[in-house]
Amino acid sequence: MRTVYLRRQCAVGLMSFLQALLDRFGWRNAPRRAALRVLLLDDDERRHEWFARRFAGDQLDIAVEPSAAIELLAANPYDAIFLDHDLLPEHYNSAVAPADDERTGYAVAAWLAARADAQMGATIIVHTRNADGALKMVQAMRAAGRRAEYVPWPRLPEQIRNYWQR
């Protein structure tokens, strides 16, 4: 009985010693977070690739049209939702807000705002370069009681590090 106790104590001591060494040299044995389910609404293939790299190991669903994004949102629960506003070339660099909201990310924001019970646990980030369109999307969702945030595309990589550590 005493030898079993001593063996157990040695094993605990060895594990503590090894963990202290790992800590000393900056090698953490931190548990990985659970896989996320992420929805991306964006028409830019370079952004698709960036999100695929950033969320490697997670499930990433990509939509390039609002109707496809809405279908995915209606069918699946998401942890994170990333919405772009300008989805067609004619929307890019437009000084005037497009009048065809149903063809922009605003259609998805409006759909989410109208459905209080859909995707309530999801983090929603509008990542467009179009500040006017983004603010319109965020305001619609916030008016409906949703948490939504605008993060301009150039700041997105640094900002999402605060949400999901690898």
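Residues are numbered from 1 along each chain as its sequence is written, and side-chain values use heavy atoms, with hydrogens and water left out. Since the model is predicted, local features need pLDDT of at least 70 and side-chain atom pairs count only at pLDDT 80 or more, while totals for chains, interfaces and linings use all residues.

Let's start with β1, which covers residues 37–41 and has five of its five residues buried. Buried here means under 20% relative accessible area, with exposed over 50% and partly exposed in between (1.4 Å probe, protein chains only). Strands are DSSP runs of E with at least two residues, and helices are runs of H or I with at least four, numbered from the N terminus. Both faces of β1 are covered: R37, L39 and L41 sit on one side, and V38 and L40 on the other.

Together with helix α2 (residues 45–54), β1 and β2 make a right-handed β-α-β unit; with the strands pointing away from the viewer, the path from the first strand over the helix to the second runs clockwise.

The loop between α2 and β2 holds D58. D58 counts as buried because its relative accessibility is 14%. A polar atom of the D58 side chain lies 2.8 Å from the backbone nitrogen of L36.

Definitions and conventions
A polar contact is a pair of N or O atoms within 3.5 Å; within protein, one must be able to donate a hydrogen and the other to accept it, and residues adjacent in sequence count only if both atoms are side-chain atoms.
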